[in-house]
Amino acid sequence: MYYINDKEFRCSINVTLDIFNDRWKLSIIWHLLESDKRFKDLHEEISEITQKTLTVKLKELEEKNIINREVFPEVPPKVVYSLTDAGKRLKPVLHEMFDWGVEYVNEYGKITEENMCHTELNRKK
């Protein structure tokens, strides 16, 4: 049995699914793999997400120890988000998901440069 975050799980995959239970969290982590970011930068990079949803998802990831939130004592306040060690360990998983997505679309769809997610982590085969 696995006990974490006041819950118990029989299988470790359920721990992972409990943490990454929506479409936004992995996207946030993907963009933080490139570099630490401020809220505004994340919101611009993940343009489909609302500010409210981004705020909620960042808080959830912080509570699960996947990201750090650092507040600098400035006016206006400066807040920077970064990955914890646990978050950084997701890099190979996300790279595999990225590659799988590209291969899937190549096989069953079409890829164009228009509105494509551009990060330093994009890998061409």
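Q: What is Leu 26 in contact with, leaving aside its neighbours within four places in sequence?
A: Phe 20, Leu 94 and Met 97. Contact here means heavy atoms within 4.5 Å. Leu 26 itself sits in helix α2 (residues 23-34), a helix being a DSSP run of H or I with at least four residues, while a strand is a run of E with at least two, both numbered from the N terminus.

Q: Before we go on, what kind of model is this?
A: A predicted one, where local features need pLDDT of at least 70 and side-chain atom pairs count only at pLDDT 80 or more, whereas totals for chains, interfaces and linings use all residues. Residues are numbered from 1 along each chain as its sequence is written, and side-chain values use heavy atoms, with hydrogens and water left out.

Q: Why is Leu 26 called partly exposed?
A: Buried means under 20% relative accessible area, exposed means over 50%, and partly exposed is in between (1.4 Å probe, protein chains only). Leu 26 comes out at 21%, so partly exposed is the label.

Q: What makes Asp 22 and Lys 25 a salt bridge?
A: The rule asks for a side-chain nitrogen of Lys or Arg within 4 Å of a carboxyl oxygen of Asp or Glu. In this pair the closest N and O atoms are 3.9 Å apart, so the pair passes. As background, side chains of opposite charge can pair when their charged atoms come close.

Q: Are Asp 22 and Lys 25 buried or exposed, or in between?
A: Asp 22 has a relative accessible area of 22%, so it counts as partly exposed. Lys 25 has 3%, so it counts as buried.

Q: What puts Lys 57 and Glu 60 about one helical turn apart?
A: They are three residues apart in helix α4 (residues 51-63), which is why the separation is about one turn. Lys 57 is buried at 13% relative accessible area, and Glu 60 is partly exposed at 23%. Salt bridges that share partners join Asp 22, Lys 25, Lys 57 and Glu 60 into one network.

Q: Why does the pair Lys 40 and Glu 44 count as a salt bridge?
A: The N to O distance is 3.7 Å, which is within the cut-off, so the pair qualifies. Lys 40 and Glu 44 are four residues apart in helix α3 (residues 39-45), and therefore separated by about one helical turn. Lys 40 is exposed, because its relative accessible area is 57%. By this rule the count comes to nine salt bridges.

Q: How do you know that the buried residues of α1 are on the same side?
A: The buried residues are Val 15, Asp 18 and Ile 19. They cover an arc of only 95° around the axis, so they lie on the same side of α1; the arc is that of the directions from the helix axis to the C-beta atoms. What covers them includes β1 (2-4), β2 (7-9) and α2.

Q: Which residues line the second largest pocket?
A: Among them are Ile 4, Val 15, Ile 19, Phe 20, Asn 65 and Arg 89. Helix α1 (residues 12-19) gives the largest share, three residues. The lining divides into seven nonpolar, three polar and two charged residues. Here Ala, Val, Leu, Ile, Met, Phe, Trp, Tyr, Cys and Pro count as nonpolar, Asp, Glu, Lys and Arg as charged, and the others, Gly among them, as polar.

Q: What is the phi of Asn 65?
A: Positive, about 65°, although Asn 65 is not a glycine. Asn 65 is in the loop between α4 and β4.

Terms used: On a 1 Å grid over the protein atoms alone, a cavity is a set of points where a 1.4 Å probe fits but cannot get out, and a pocket is an open set with protein on both sides within 12 Å along at least five of seven lines; lining residues have an atom within 4 Å of a point.
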